[in-house]
Each structure stands twice: as C-alpha cells, then as structure tokens.
Amino acid sequence: MKKWMAILLAMLMLLTMVAMPAVAEEDEVFLPDLSFAVSGEGIAGWTGALAADLQTDGASLDGTDYLTFARKVNATTDFIPVQNEPCVFEVFYKASADLGYVIQVYYYDAEKQNLKSGNNNVVDSYPLTQSSVWMKKVITIQKEGAAYFKIWLRNTDAETTVSYASPKLRLQSEGNLLENGDMQGYTEDGEGNITLSGWTVKSTDGGTVAGQRESSGNVYALMTRGTSSYATYMQHAKLSVSPGKTYKLSFRMYGTTKLPNIRVYFYDASNAAAGNNSSNYITLSEISALATPGATAWTEYEAFITAHRGGVEVAYLIINFYCNDETTALDDISLTQTRTNFTFTEAEGNVTVKAHMVAAAPITDESAPVLILCAYEGKKLTDVKMVSGEKADVALTAAGQFSANATVSAPAGTVVKAFAWDGISGLKPLGKATK
Ligand SMILES: [Ca+2]
C-alpha cells in the first residue's frame, strides 16, 4: 500500500471514530408479556390455548396459573421482533412422557415470511423429558437474518399431558448474575437435610441456613436466627460487575415481619474496598423497608444498585443476606443489569442523580406507580424524591460521598409492567429505553 493511501485510510478511520457516538444509543425494545392470563375464550398472547386449559390451583412454582394440555394443541405467540441482542425464553414444564419437538421457535424475515434454508423453514426445536415435578427449560433465541420470531408450546401426543408455567422472555443481558438464585441447585442427605449450592452460609450463634422443599418441588432458603441479627447469613460469591452500570436486586421472602439486613459490599477494579467511608457497603433494608414484609405470603422486593461508590468505579460486589427475625424464607434472588443507568454529574463536590420515567401506556391516578429515589451520604439518607405521573424528571443531590437507589411502589393490585422507564429500567417486561 502506498504511503498516501495508508495516511488517507488512517484519516478516514479516525473520522469514522469521531463520528460514532461515545455511548451506543439504546434501540427501542419491547418484549411481550407472555404470562398466561384469560382473554375471552383464549389465553392472552397465545393463539391456540383455551381458557379451559388454564389451571388455577396455584400449584405452579410461583403460584401463578399454568397451562395443561391433555390434547394435541399448538399454542403460538404473535410475531415478536428480533432484538439487537439474543433473547432468552424460560418456561417451567411437567410432562407425563418424553416428547420431541415440543417447544419450537420459528423465524421470519422482515416481510413476516418464514425464514427459509433451502426449501425448509428455519426453526429451532426442543424436546421435553418426562417429569412429574416442575423443570425449567431455558432457550436462547438468536438467528442470523431473522427479523421476527414466534414461540410455539405444543403437545404432540394426545396420550400425554404436558403443562407449562411462568413463561418469560427477556434479553440475554438481563439474566440473573447470581448462581443458584432460585435455590433449585442443592444436595440432600438421607435425613432430608438440604444444602444449597452457590451460597456460603454461616452462623456464629447457633442460627442455621438450609434449603426447604415445598410440595411443588420448589426449594427455598430458610434462615433461622440465633441471638444476633448479624450472626446468621447467606452470602453470594464475589461478582464481577460493569463499573457505573445499574443493577436490579430482586427476591421473594416470607415468614418474617422484619426485613433481612441486606448488605452490598463494593470493590474497585484492583479488588480494594471502594469508597472512603468508614465502610464500603450499603444496607438495602433502608430501601426495602418501604414495603411491609409478608409473614404468611411470599412478598417480592426489588432495589437498585449502581456500581459507583464514593466517586470510585465499582468492579465487584458481594451481597449478604442476614437473618433479622426468628425465621426468614428467601427465594428467587436475582441480580440483573438494567439496560440504562443513572446519569452521574459531578460538579464542585455535589452529585446529582437524574432519573426520568415515561409511561408506555395511558395511566390513571389510581394506577400510577410511584418512583422513589433515595440518596445517601454514607449510610445517612439525605434526600428522597417520590414521583408519580406519566412523565417526570427527578434530580437528587447529595454532597460528597454518596450512593443512590431507586425503587417503585405501586398500589396493591396495580399492574406496573405496563410502564417503561428512561434512566432506570428493570420492570417486567422490558420497557422501551429512549434516549
Ligand atoms: Ca426456588
């Protein structure tokens, strides 16, 4: 290559780099809610399934209704747009016999015509193995050249009964970063003692942490307190996170009227404690305390954690759950990266955290959820902003060392999933992330 050509090429490359935005813009994302709900004679979002197929005895893992097919049937979603990263489809199932080609993903081009390979439709097929307890099937959806896909849940054999529960569609990047967050990984000795995988459990005063199995087959963690509220805990191994990104921690809990003390410890890229306060952790119970624990029913909680602490970019987290009541049952602990982040602006020692929410659907005053943003200096709560309404900008200010978290509170019975958020995401299904 001639020297002038090389220089021209280098200049072109430089120009291209300058022209590219520093941060990739988020494309609009909307994944449908595939959970089973009656809609007239059928099931919303699933063509082919009938209301009569729905079981409402609360015997699915999460107590939601589930579909049972005791006949040959194809339940099919509508066209779902392919996203710019792989989707993950998760569903629990039971089957009275082994079945082949039961769950299928069909792919389509931009004109919604079947994507073809030669004369054949492009389709991914998944078998199910016989199981009388709920098993989880996880499918990654990705196909070159596809613009749309449809998911099929089938029963291919009239002599076989197959049930499907809790179908979910999410982006791959929103997967749970925790190992064994659903507690379904465990070992059991001859006496029925269940040891959970993936969690370090410890007590210095006679407390215990062990797995408990429900009749459905679901296993959860049961913490039993000793004499002190910080002596019995379960801890997840140190996690690698993306500095500056925001993560959603969610979990289910029952059997307690006190929240567990949840501590999240921060470390920088060199593995040193991040932040120069007296401690490098935040206590999430200050956020979760906005809701009252349900002693007799599973209650869901969520809180947001940003990998940024005291002006330091955080690269690792450790999460501890400390038992704070006589017993505390925990399940479905999940840490997922949200698609968008808080915007950090640092000027003259003050930090402003901005969040912006956008309603994806018309809302009423009665149905409006409330976005709650909290700022902390060390562990001291310095500012709280509550926002309710269709669209709002929120600014929080805390001086010096700070951390911030957000949570959403909604009236009982309100479906929050119709909302999309710009600045904070994480509600289900994924909302649209605008610039
Ligand atoms: Ca579980």
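The legends below describe several close-up views of one predicted protein model.

**Conventions.** Residues are numbered from 1 along each chain, following the sequence as written. Because the model is predicted, local features are given where pLDDT is at least 70 and side-chain atom pairs count only at pLDDT 80 or more, whereas totals for chains, interfaces and linings use all residues.

**View 1. The whole chain and its confidence.** The protein contains two helices and 37 strands, where helices (H or I, at least four residues) and strands (E, at least two) are DSSP runs numbered from the N terminus. Of its 435 residues, 35% count as buried; a residue is buried if 20 or more other C-beta atoms lie within 10 Å of its own, exposed if 12 or fewer, and partly exposed in between, with C-beta atoms placed from the backbone. Two residues are in contact if their C-beta atoms, placed from the backbone, lie within 7 Å, and among the contacts between residues at least 6 apart in sequence, 73% join residues at least 24 apart. The pLDDT, which is the predictor's confidence in each residue on a scale from 0 to 100, averages 74 over the protein, with 66% of the residues scoring at least 70. Over residues 10–28 the pLDDT is below 50, and this stretch has six contacts in the model beyond near neighbours in sequence. The pLDDT also stays under 50 over residues 286–290, for which the model has 12 contacts beyond four places in sequence.

**View 2. Strand 8 and its two partners.** Strand 8 (residues 87–95) pairs with strand 13 over eight bridges in the antiparallel sense, and eight bridges also join strand 8 to strand 15, again running antiparallel. On the side of strand 13, Ala 95 has Ser 131 as its bridge partner, while the bridge partner of Val 91 is Lys 137. On the side of strand 15, Val 88 stands opposite Arg 170. Strand 8 is largely enclosed by the rest of the structure, because seven of its nine residues are buried.

**View 3. The loop between strand 15 and strand 16.** Gly 175 is found in the loop between strand 15 (162–171) and strand 16 (186–188), where it is partly exposed, with 16 other C-beta atoms within 10 Å. Leaving aside neighbours within four places in sequence, Gly 175 is in contact with Val 88 and Thr 336. Gly 175 and Ser 334 are 159 residues apart in sequence, yet their C-alpha atoms are 8.4 Å apart in space.

View 4. Most residues other than glycine have a negative phi. Asn 180, found in the loop between strand 15 and strand 16, is not a glycine and has a positive phi of about 55°. Met 183, which has its place in the loop between strand 15 and strand 16, is likewise not a glycine and has a positive phi of about 65°. Asn 180 is partly exposed, with 18 other C-beta atoms within 10 Å, whereas Met 183 is buried, with 25.

**View 5. The largest nonpolar core.** A nonpolar core is a set of buried Ala, Val, Leu, Ile, Met, Phe, Trp, Tyr and Cys residues joined through C-beta atoms within 7 Å. Of the 40 residues in the largest one, those touching the most other members are Ala 221, Met 223, Met 234, Val 264, Phe 266, Val 314 and Leu 330. Strands that each supply at least two residues of this core include strand 20 (219–224), strand 21 (232–236), strand 24 (261–267) and strand 30 (327–337), and strand 20 gives the most, with five residues. Not counting residues up to four places away in sequence, Met 234 touches Trp 199, Val 201, Val 209, Ala 221, Met 223 and Phe 321. Apart from this core lies another, of 35 residues, among them Leu 67, Val 102, Ile 151 and Trp 152.

**View 6. Ala 303 in strand 26.** Ala 303 has its place in strand 26 and counts as buried, with 22 C-beta neighbours inside 10 Å. The C-alpha atoms of Ala 303 and Lys 248 are separated by 5.8 Å, although the two residues are 55 residues apart along the chain.

Technical notes. Pairing = 2+ DSSP bridges.
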